[in-house]
Each structure stands twice: as structure tokens, then as C-alpha cells.
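Let's take a walk through this model together, going from the sheet to the helix packed on it, and then on to a pocket and some aromatic rings. Please keep the 3D view open as you read.

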Amino acid sequence: MTTKEKLYNLCLEFIDNRLLTVKSTMDEIQESLLSETKSSAGDKHETGRAMLQLEREKAGNQLAEILKIKVNLAKIDVSNHSKKARLGSVVYTNKLNYFISISAGELTIDKDYFYAISPETPIAKLLLGKIVSEEVQFRDQYFKIIKVI
């Protein structure tokens with residue numbers, strides 16, 4: 001398995017874990033809504049139900065966002081290589097290594113560290129379209145591209 005395939009699988013695992021967490025939260029909220037019994041304090045009951053409805057709506061929004069991210073991840077063809085950094089590229093620089101895919105944080109493959117970043121992040125916007133030996137400046141640091149796969 002290539003480094004790019006391993007990174008892709010780690011990103012998929014990351015997003016699947018987030019999906020499971022949100023679905024579990026939604027199930028717990030639904031269970032709470034169903035088990036909520038009317039107490040003698042009617043206003044307190046209604047407030048509790050309203051809070052649960054808000055939590056369910058928030059979890060629903062998170063679920064929609066995660067599903068959108070999963071669709072974007074599915075657009076990556078790990079067998080496709082390009083000389084220019086683009087969605088799905090693994091970019092090695094003299095400072096850090098990046099996998100332009102989704103925002104999943106630091107990933108480790110065979111003792112090498114990579115940062116899974118979304119194409120919408122500021123550093124990704126600087127890297128996109130660049131080739132080996134080009135430099136980018138991010139904040140006060142300069143990065144030289146060593147390899148793009």
C-alpha cells in the first residue's frame with residue numbers, strides 16, 4: 001500500500017469515527033426525547049424538550065457537514081499522480097508534509113508525520129498548483145516543496 005493510500009484510509013477512518021460519534025449522539029437525544037415524561041412542572045418539561053430539540057438540530061447539522069466532507073474525500077483518486085499539488089496530493093516540504101484532502105490533523109505513516117488539510121485552508125491554498133522546488137511563504141516561514149505525489 002502506498003503512502004497516499006495509507007493517508008487516505010486514515011482520513012476515511014477519521015471521518016467514519018466522527019460519523020459514528022454524531023450518530024450515537026443523535027440516538028441518545030432521540031432516546032431522551034422519547035423517555036421524557038411530563039412532570040408536574042410543565043414549563044420545566046417544555047424547556048427540557050426544547051433543549052433536546054436544539055441539541056438534535058445541532059447534531060443534524062454536524063451530520064450533514066460530515067457527510068459533505070466524506071463526499072469530498074471520495075473525490076480523491078489515490079492512484080492519480082500529478083506534478084502539481086492538488087486535491088489528493090501528498091506534498092513533502094523541507095519543514096512539514098501535507099496530504100491535501102480533509103482537515104484531519106496530524107497523521108503518522110511509517111514514522112513520518114503528515115498533516116491532512118482541506119484545500120480551503122490557508123496553507124493548502126498556497127500549495128495548490130505548486131511543483132517541486134517552488135517555495136511558499138506561510139506567516140513567517142518559508143517552505144520549499146521537495147516532492148509531490
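**The sheet and its surroundings**

In this predicted model, 6 strands make up an open sheet with mixed pairing, in the order β3-β4-β2-β1-β6-β5. At its edges you will find β3 (105–109) and β5 (135–138), each of which pairs on one side only. As you look across the sheet, neighbouring strands are turned against each other by 35° on average, direction ignored.

Together β3 and β4 form a hairpin with 2 residues between them, and D110 in the turn has a positive phi of about 50°.

What packs on this sheet? Helix α1 (residues 3–35) does, touching β1 (90–93), β2 (97–100), β3 and β4. If you compare directions, that of helix α1 makes about 135° with that of β3.

Next, let's look at the aromatic rings. A search of the whole structure finds 3 aromatic pairs. One of them is formed by Y92 and F114, arranged edge-to-face with 5.6 Å centre to centre and 75° between the planes. This pair links distant parts of the chain, with Y92 in strand β1 and F114 in strand β4, 22 residues apart.

Finally, where is the largest pocket, and which residues line it? Its lining includes R18, E65, K68, I69, N72 and L87, and also S101, I102, S103, S118, P119 and E120. Helix α2 (residues 42–74) provides the largest share of this lining, 4 residues.

Notes:
Residues are numbered from 1 along each chain as its sequence is written. This is a predicted model: local features need pLDDT of at least 70, side-chain atom pairs count only at pLDDT 80 or more; totals for chains, interfaces and linings use all residues. Side-chain values use heavy atoms; hydrogens and water are left out. Two strands pair if DSSP finds at least two bridges between them. Axes are lines fitted to C-alpha atoms, for helices over the stretch in contact, and angles run from 0 to 180 degrees between N-to-C directions. Contact means heavy atoms within 4.5 Å. On a 1 Å grid over the protein atoms alone, a cavity is a set of points where a 1.4 Å probe fits but cannot get out, and a pocket is an open set with protein on both sides within 12 Å along at least five of seven lines; lining residues have an atom within 4 Å of a point. Rings of Phe, Tyr and Trp (its six-membered ring) pair if their centres lie within 6.5 Å; planes under 30 degrees apart count as stacked, over 60 as edge-to-face and the rest as tilted.
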